[in-house]
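Welcome! Here is a short briefing to read alongside the sequence and the 3D view. Take a look at both, and then we will walk through them together.

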Amino acid sequence: MAATGIYGGTFDPVHIGHLRTALELLQALALTEIRFIPASEPPHREPTQAPAAVRMRMLEAALAGQPGFVLDDRELQRQGPSYTVDTLESLRAEQPQRSLALILGMDAFAGLMDWHRWEQLFDHAHLIVMHRPGASLPTEGEIGQLITDRGITDPARLASGTGHILEWAVTSLDVSASAIRRLVAAGEDPRFLVPDAVRDIILESGCYEDAGAALVHGGHA
Ligand code: ATP
């Protein structure tokens, strides 16, 4: 059986950069499904701006109707920081025979060695490293060595075992959640960077408005 894709992130908010790349991987690599797993308290970065409940609603709206896209809230159910290695362990415990492929953009992959128990990620899953504008694959140092040791080019090898790294070119979309948050805080419209249903939630919840921008643009005073 083909692998299950694991797409982790803060999704603050989910945007077309996540959704389009996920669809391309689902189809090109014949993954059985892609599980989107929003992080509760990201260990490597600033706290999220939208609360978990709003990030979940945006994801639910974004994934609705796309076969093979699954929303998985296990990290929000756990206490404390969301360590990916714990998530992979819990997925493995549920279905030991299932092959897992953790999906990361190149920016995230470049910081892999700062992750909690990062070496053990390879005991539980393969890695798919997606191209992302502005990021390139490190060729030197420990992380470059990882690719030399673990790199594969044939996606069929994701179907069994663990520990391989597949680099994959997806459509380059220079879209990021932080840019969308800034844009909304400045009173601009995020239309076409996020699905319409996600845009509705952003506007109606006011989750990315900051007080200063709201005053300038005649929003809530
Ligand atoms: P932020 O701007 O807040 O850092 P982000 O847009 O990077 O957020 P995350 O939720 O942090 O979104 O990303 C989750 C995963 O999706 C990461 O592995 C990241 O590399 C990947 N990703 C996000 N946007 C893109 C994109 N446009 N192209 C390819 N990969 C992406």
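Leaving aside its neighbours within four places in sequence, which residues is leucine 59 in contact with? They are Phe11, Val14, Phe36, Pro38 and Leu71, where contact means heavy atoms within 4.5 Å. Keep in mind that this is a predicted model, in which local features need pLDDT of at least 70, side-chain atom pairs count only at pLDDT 80 or more, and totals for chains, interfaces and linings use all residues. Residues are numbered from 1 along each chain as its sequence is written, and side-chain values use heavy atoms, with hydrogens and water left out.

**Overall build**

- The protein has 10 helices and seven strands; helices (H or I, at least four residues) and strands (E, at least two) are DSSP runs, numbered from the N terminus.
- Along its principal axes, the C-alpha trace spans about 55 × 35 × 35 Å.
- Of the contacts with a separation of 6 or more, 74% are between residues 24 or more positions apart.

- Of the 221 residues, 46% are buried; buried means under 20% relative accessible area, exposed over 50%, and partly exposed in between (1.4 Å probe, protein chains only).
- The accessible surface comes to about 10600 Å², and carbon and sulfur atoms hold 50% of that surface; accessible areas come from the Shrake-Rupley method with a 1.4 Å probe, and for residues only the protein chains shown count as cover.

**Two domains**

- Domain 1 covers 4-169 and domain 2 covers 177-217, with bounds that come from an automatic or database domain assignment.
- Their centres, taken over C-alpha atoms, are separated by 26 Å.
- The contact between them takes 14 residues from domain 1 and 15 residues from domain 2.

- Leucine 59 sits in helix 2 (residues 52-63) and counts as buried because its relative accessibility is 0%.
- Although leucine 59 and alanine 197 are 138 residues apart along the chain, their C-alpha atoms are separated by 9.7 Å.
- Threonine 21 belongs to helix 1 (residues 16-28), and its 7% relative accessibility is why threonine 21 counts as buried.
- Beyond its neighbours within four places in sequence, threonine 21 is in contact with Tyr7, Ile16, Met130, Val170 and Thr171.
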